[in-house]
Each structure stands twice: as structure tokens, then as C-alpha cells.
Amino acid sequence: MMKYVLKRIGMLVVTMLLVSFLTFLAFELISGDPARSMLGTNAPSYQVDALRHELGLDQPFFLRYFKWLTGFFSGDLGISYSYRQPVWDLIGSKLMITILLSLISFALIVIISIPMGIFSYQWGGGPFEWIRTSFNQLCMAIPPFFTGILLSYVFGILFRVFSPGDFPDLYEEPGAAFLHLFFGAICLSIPRIAMTTRMMRSTIVSEMNKAYVRTAISRGNDRRSVLVTHVLKNSLTSVVSFLGQTMAEILAATIVVEQVLGIPGLGRFLVLSIAQRDYPVVQAIVVILAFWVVLAGTLADLINQSIDPRLRLGGDLA
Amino acid sequence: MKKKMNRYLVVGLIITGIILAITLIGVFWTPYSPTAMKYGRFQPPSPSHIFGTDNFGRDIFSRVLKGTGTTLSIALATVAIGAVAGTTIGAVTGYFGGVIDELLMRLNDVLTAFPSILLALLIISLVGPGKKYNVVLALGLIFIPSFARVTRTAFASLRDMNYITSARLMGAGSGRILFVHMLPNVLRILLPAITIGFNNAVLAEASMSFLGIGVTPPDASLGYMLSEAQGMLKAGPWYAIFTGLSIILLVFGVGLIGEGLQAENREVV
Amino acid sequence: MRKKLMAITLVTVMALTLLAGCGKKTSDSQSKKNDRAAKNTLAVGVAQDFDSLDPDHMTVAGTKEILFNVFEGLVKPNSEGEIVPAVASEVEKSEDGKTYTFTLREGVTFHNGDPVEMEDVIYSINRRRDGKDAAAQLDALSVIKKIKGDGNKLVITLSEPSNEFLAFIMNAYIIPADYKDLETAPIGTGPYKFVSRKIQDSLVLEKYADYWGEGGSIDKVTFKVLEKAEALITGLQSGALDVVPHLSSDQIAQIDKSDFDIMEGNMNLVQALYLNNAKKPFDDIRVRQALCYAIDKQMVIDTGFDGYGTPLGTSMFPSFGKYYDESLTDYYKPDIKKAKALLKEAGYPNGFKMTITVPSNYTPHVNAATILAEILKEVGITATLEPIDMNTWLDKVYDKRQFQTTITGLTSDNMTARKLLDRFGSTKAFGDGDKRIVGNNFTNYSNKDYDKILKKALAATDDEEQTELYRQLERNLTENAANVYLQDMADLVATRKGLSGLTFYPIYVLDISTLKWEK
């Protein structure tokens, strides 16, 4: 087990290194010069060159990457080009907001879809099944940003329950801030609740068709008790890896939802910083987001390993 | 049982068929010119303009017809790239395993963890702006990992099946085994994955338009229209609502087809 | 199981109601605004976050616009477009135009209470000039040969006479010598002092009681950063904001006019369809003229901007007064037949295909491009829009000139008309890249007469002569249809009823000191 954990952590580190290197490489290739971006159209080229020098952009690529890497490992994320302040001071509070947004969404998904999955299995079949399944499909088809637009219109413009774009201070008005985040979480979770419910249900179905369940039932055990004692436990591994993936997907989707509802989280800061070519900030956010994605996958795997040791034999295929 | 399962397929095909038919008509004929700006700013829906008009006084219904076409073609091309490249990677990694597998899967991880906006900007910079296939290329690349993951598992599980082993023993080459013997079986998993991928592509294209980084197609797609509509919620909410509903209907139709296909699979198994 | 589900639903619904309750309390800010008038404070909405607050590092126009209230140079601009004394009480220019003598004003203090000393002034100018701390802002202070303090007199000697010197020294803001915390706690000498700032959220200024001049009326101003267009409108309607500058006509249409006054000024920029004069078919003057005849500016303004905006015919806007030649606006009267005839003559009887590249985050430019594409259809030209990210635009269009046509707005960020004209000097005459001595000619306009006049204009020391030459340059641009000039966009500002004194400047600033609540 220990060996496996170490291997996964090793893979995580390698992936992170690759991501950070690729991001750095991307800056080289993406058109747009931070210095020109900051100075605008009126600045003559000698001024742009002077600023490039000041920002250290005229140094060789590998030297800059190496500097960044050593800085990163000593806890220094660099200085933002446009704010001239340490990157970490800028993104700390934003990280908090994005984490909260993701956690609320995740909680909604878990709390609603797992019981719904079991429920829809229990009540499966029947004349209304196709309606329920279609409804499920419909929910999956609702894009988070569209929900965001609708919520902005209904609760922001018509009822003025919250003001999209004007995010209350997390510490001064926690209630209002939480409400704002909650609307974001609704956008994020609707399609994913539908997906998780569906996935939950189909896992139970395929598990129930397995030989051991049939044997258990034929031995006179109650279907429901078999479901609770054996099937749910055995479905858990697929659910965990699915949720691990969901966590990663939520994070990707926060970028758009933060944009629509004007939530000042990491995603929105990322978009703004890309637009301004504020590379130290972009680099830091990309690494944080990527770490999260990879970590979610790794954790899901590790949890599964401890639930079902057989998986270890199959390597990381699960 | 079988009849009930197929209902999704039938309904899905009907919805998608109707959308396709309307879109096809939209290529040749729209009630008004989708670009003409002479119907009055922000007119609410009425019998003559059933979806209303936008800030330039353009007929939204005509624009939705054209936009659906753009969205459809982008999504199809995206999925084609993702599916072909993803399946190839999945086949190689799943069948051969070993170092290549490890390497490609790490690359997959990296691609998954890398924010798609940055990837899209990168592609625009490399290809140069203004190329029609920018969007498709950017989105296609993003979709490769998920296809690779799905097919890899399928190929890996088929690898040790008896009929594959016997084919190998009879001297069939790897290429022949992969494409002639394994692919048809993988297709069963691939088809529903393609419908899901198609839907994700529609949504991803819209998200990209939304972030306004310039992977915008030359003709307005539904996603681009929706991002335009967002700034006019107060003056013309119908613009956002009808465009959004069109996206939902499109995705819903294809989603049902996917559901139907999966149900068919279950029957076969 | 069903019970559980019901319980979950119930809990969710209850949580929602509870949250909705919390939300209402805070967003119901109608009472807040009456509060503000009584307390003599103000809330202003801005669409873009501020960048660095160090006067020599700030580059975003929106930051300069607001910190105009915090910092001052030796001289400063007024709303008439004149340069008036500020930290210096008197300016003297020598006969040969090479020596300027500034007398420091008595009793000017920094916001921390320290008096402004000669040492601070010299430090501030040098900081901007040597570029070590402020590479971003080298500007044209390179003409300074020597700076010398003598009692309360500051003598600056130039290497050559410069008409623009005062306009440049105006932007060398006076800061305390060796002060290190400009980023987080800027200190200047202006009528308002910095209180606090939250990144991507807000900036607070307070009236500086010991200001040397008349000072402001409002005690405290909060600038709230709201990057979403709807958020600014919602903010006004709900009472959270009193002033929002730079609104679009689409936004204005959504504001309740009984609560707000809409003030209309000019953005002071030249919005045009800029043509790459080196690329076919735009290297042919007949094609360029055909475009000018085909495009009805007023129609663009009516369709896309609800009628707000001033049509332009050349690279200059009305705020520049004497430099601006209004007669050029109608040089090309909209005439489809003439446009078609010109196209035919140029060898394009059936029109051609072209691309309009636009920075995607500038809605006014995207809108204008959308309308132009529609208008150009009438003469058989198929124009395709290519919205790209602003930085890609700067790189590919502005720096590398890989484009056919583009829509943007050119400005002049100090009070000289020069920047709007000198950029059209040809590469042959004025060099390229690092060697270039005038603005970036991204349109590749190349005209011998233009170069000749421009050279004369740059060398001119007599103001009247220079003005006349500038006007000749404008005429040259129009006659040769260098670009399709569209408009100086309207600067629409919403102010709450009861607030008065909003003053428009010919440069991009928002002067808080003139605003006041009517009692």
C-alpha cells in the first residue's frame, strides 16, 4: 500500500512539473507581450523594451523557468506585473472563494444525487421511468452559464435578491456572500446532479445483476437488505472515482460561472490576468488549479485502494 | 423491455431530426436576413418576430437558425477530432500497455489539468487568428483525453479475450487485431461517448465564446449569441432566453439518442 | 427513503429562504444613498480594476483617470485644455525656449502633512526621467539636459526647444523623496488623499483638508470596481452607486431617467476603420475612397450607438479646438453609386472579401464592425468579423501589422495633438522599430507630402505655424482616404439627481473636486 501511495504521489509531482513547464512554454508562444499590454498603443517601442527589461522578460527562457521553479519551492510565487504586489497576497482571498464555491457545489451534488440514485433504482421501471430519465437528460443539457444568466435575471434584476457582479465581502457580510456563492453552486451542480444520479443508478443496476446478488436473493434474502448490505458497498468504488472526476470538472466550470455571476474567485482572476498577460499570476493560478485536479484524481484512487484492495493488482486502471 | 428502451432513441432522433431539418432550411432560407438591422431595437417577441429582435434590430429567430448551423458544424468537427485522435491513443495505450501507456496517460493528465482557455489562446497564437478552424482545433484538442480514457479501458479489457488471443496466435498483425477485431466491439462504447462528447462540445464552444478570448467563429454561434445577450438582460431578456433554450433543446435531443444507444447496448450484453 | 428525500428537500428549501432573507437586508440599499448625500460621501462605479498605484508605474487609463485627484505635477491641465500652474505657482519660459523656470508654490503639503521641498520635486522628476524605477514612463523627458534647484526656483534646461515639454512635465507627479510605499499607500499633493484599496473591489479617497487650492466638496469617495456591464446598472438602480462614467448607449437605455441625469461628453478618441495601406486592395486610393463613400457614419452612430457620438472625418477630435478641422467631416458624402464606380475603376466591379479584426472585449468596436459589415454589403464587399483578444490584437495587428482592416479608437493621453498625427509618418522617412522617432504607423500609411509636412510640423517652434501644419496633415489624411474615420464616441455619464458639478476634460480624467451634493 505504502509503495502504491508513494508511486501516486510521484506521478502527481511529475504531472505538476509538466503542467508548470507547459504553462511557461505557453507564455512564450501565446501572442501578446506583457510590456506592450501594460503600456498600450501610445508607447514607443523603446519604452516597451525598457519595461521588458525591468520585468526580466529579456532573460533566456530556461533561466526564467528555473528562477520561477526555485522561487516556487521556497514559497515565492513572484510579483504581479500589473499590481506590483506579491502574487500570493493577491490570490489568497480568491482561492478561498473558489474553494467555497466548489465545496458547496460538491456538497449539493453528493447530498442530492446519491439518495436520488438509490431512490430512482428502487422506484425504477414503471410507466413513468421514461419521463424521469428524460427529465434527467434535460437537466444534463442545461449549461451552467445559462442557469447563471437566468438566475441573474430572475433573482438579480427582477427580485433583487442578490446583485450579480457585486460580490459582498466574505467576512463583513458572510450571509449575502454565501447566498451569492449558493447561486453559483446551483448553476454548477444541476447537470452534475443529473449525471451522478444516473451513474449511481446504473452502477446499482449492473451490480444487482451480478451472480452473488442473484444467489443472495435466491437464498431468500430481502432485495432491499441485499442492496443496503452488499450492493451499495460494492458500488462505492465507482462512485468515488466518478466523484473525484466531478470535483475536477466543477473546478473547470467555476471559471465560466464566476465570470457570469461576477464572483471574484480564482477563475475570474485567471481570465482577467490572461487578458492582461500578467504571467506570474496566471502561472500561479494554473498550478493551483492543476494541483487540485490531479489531487482529486489521486485521492479518489487512494480511497478506492483502501476500500477495495483487489484494485491494487490491476494497477491504476480503475 | 426493448420497446421501452428504444423510446429514447426514437424521441431523440425526432428532436434532433427536426432541429437538423430546420437548420438545413436555415442554410438556404430564413424568414428575415439574419444580419439586416432594420426591424427596430429590442422588439419583444411578436407574431412577425417570434423570438423578438436584438440591440441592432436584427430578427433573433433568423439568427438562431443560422447560429444552430454554426454550432452544429463546430461540435461535429470537434467530436470528430477528439474521437479519432482519442481512440487511436486509447487503442495504442490500452493494447500495448507498458511505457507508452504510462507516458501517454501522464500527457493525458497534463492536458486535463491545463485550463482550456489557455490552450485555446495557445492554438490561436500558433495557427494565427482569423482561421475558421481555430475553434475546432482548440476544442478538439481538449476533447482528446476523455475519448482516450474511455477507449483505453475498453481496449485493455478486450486484450486478453479469447478471440483476440486466438487471432494473435493465428498470426494477425497488431494493426489488424486493433482495427478489424477490436474496434467493432469498442464502437459500442464509443457511440454513446460520442453523443456525450457532442453535447460537451456544444457547451464548451459556448463557454469559450463566453470568456471572450477570441476563439469566436466568423458566423455567430449560439454560444456567441448567448454571451452577447447577457449584457442586454434588462432591455431584451428574450434574446438570452430563446438562445439558451435552443442550446438546451439541441443538447437534450442528442442526449436522448445517447441514452437510447446505451440502452441498446445493455440489451446486447 | 422517501422520507429522507423529503427531509433533504425541506432542509434545502429552508436554507434557501433563510439565505434569501439575509441577502435582502444587505441589497436593499435605497436608504444608503440618502445617507450618502447627508454624510456628504459619494459612490462611483468603474468598469475596470485599477493597476499599480505608483504614479510612475500605473498604466491602465482608468487608474490615471482617478488618481488625477490624488497626484499633481508642477503644472496640471484644466477642463478648457489649458495647462495651469499647480505645485509650481509660476512658470517662465526663456526666449530661446530652452530654459523653464518654475517657482514652487508656498504652503503645498503632501498628504502625510510634510511640506513639499525642492528635494522632493527634483527626486520626482528624476525618478520618471532616468527610468530606473519607472521604465514604463520614460516619456519625452529625455529632452531635459539639466535640472537645478535654486531657493524656491527650479530651473530646467532642455537640449532643444520643445512645444510639448509642459504637457510632459505635467505627468511627472510630485511624490515625497525616497518614499517606498507608493504601491500600497500612495501620497501626493492633490485635493484628495488615498485611504484604502481592495484589489478588484474598491478604492477609497478622502478630501485632503490642507490642500493648497480650493479643494473638493465631497468628503469621501468610494470607487467600486464592477466589471460586469449589468452590475453597474443594477448598482445605480439599487442605490449602491451615484455616478458611473463611460456608459454605453445600450446601458443608458436601461437606466431610469427620473433618478439620474445623463451627461454627454466626448471620449476624445478617433474611432475608425483603420486600413492596412500596404495590403491589397487597400493600397489603392480608389478602393479606400470607395469605402469612405460607402460608409454612412451617421448611420453607424444611429444604429449602434443610439445617436450618441460625434462624426469625424480625420484623425482629430473636437476637444482639440484649434487643431480640429470640422470641414473635413463631410468630405465624403455617403454615395453608393460613386463607391461602386470607384471600385469598378480599381478593378473590383463585384467587390471583394475583407476581414475586420476587432478586439473582442471592446463592445463599441465590435458593434461598429458588425454594422460596417452590413453596410458594405451594399457595394458588394463581403466583410467578415474577426474578434480577437486585446493582447493578440496588440501583437498581431498593432505591432506586427498582420491585418487587413481593424476598428479601434486612437487617443492622445497628454494634451498634445501630435500623437494623433505623427503616427502616420512613413517608415521610409521616420524609421521603424527601435529607431522610430514618432508613433507606430500600424496602418502603413505612406505619403510623401505627408512626411514633408510632418517633418516641418515637428520642427516648428511657433505655435501658430505648428497648428496650421497639423491642419494640413489632417486634410492630407482625409483627401487620401488613409482610413475610414467614424466618430469620437460619446462619453455618457449617469449621475444621481441632486449631484452637480460634473466637468468634462479634453483628457481622460474624472475630476471629483468639482462634484457636490445640492443641499
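This passage walks through a predicted model, chain by chain and then through the places where chains meet. Residues are numbered from 1 along each chain as its sequence is written, while chains are lettered from A and ligands numbered from 1 in the order in which they are written. Because the model is predicted, local features need pLDDT of at least 70 and side-chain atom pairs count only at pLDDT 80 or more, whereas totals for chains, interfaces and linings use all residues.

Along the sequence, the pattern of chain A reads α-α-α-α-α-α-α-α-α-α-α-α. The C-alpha trace of chain A spans about 85 × 55 × 35 Å along its principal axes. Of the 318 residues in chain A, 46% are buried; a residue is buried if 20 or more other C-beta atoms lie within 10 Å of its own, exposed if 12 or fewer, and partly exposed in between, with C-beta atoms placed from the backbone. Two residues are in contact if their C-beta atoms, placed from the backbone, lie within 7 Å. Among the contacts in chain A with a separation of 6 or more, 72% involve residues 24 or more positions apart.

The mean for chain A is 85, and 96% of its residues reach 70 or more. Residues 313-318 of chain A are a stretch where pLDDT stays under 50, and the model has six contacts beyond four places in sequence for them.

Chain B is likewise described by its helices: it has nine of them and zero strands, giving the pattern α-α-α-α-α-α-α-α-α along the sequence. Taken along the principal axes, the C-alpha atoms of chain B fill a box of roughly 75 × 50 × 30 Å. Buried residues account for 55% of the 269 residues in chain B. In chain B, 72% of the contacts between residues at least 6 apart in sequence join residues at least 24 apart.

Chains A and B meet through 38 residues of chain A and 38 residues of chain B. On the chain A side, helices that each supply at least two residues include H1 (2-29), H10 (223-261) and H12 (279-307). The largest share, nine residues, comes from H1(A). This side of chain A divides into 30 nonpolar residues, eight polar and no charged, counting Ala, Val, Leu, Ile, Met, Phe, Trp, Tyr, Cys and Pro as nonpolar, Asp, Glu, Lys and Arg as charged, and the others, Gly among them, as polar.

Chain A also touches chain C, with 50 residues of chain A in contact with 47 of chain C. Among the helices of chain A that each supply at least two residues here are H3 (45-55), H5 (87-122) and H8 (174-208). The residues on this side of chain A are 24 nonpolar, 18 polar and eight charged.

Chain C contributes an open sheet of four strands in the order E4-E5-E7-E6, with antiparallel pairing; two strands pair if DSSP finds at least two bridges between them. Strands E4 (88-93) and E6 (144-150) of chain C stand at the edges, each with a single partner strand, so one side of each has no neighbour in the sheet. Strands E5 (residues 99-104) and E7 (residues 153-158) of chain C pair in the antiparallel sense over five bridges. C:Thr101 has C:Val155 in E7(C) as its bridge partner.

Technical notes
pLDDT is the predictor's confidence in each residue, from 0 to 100.
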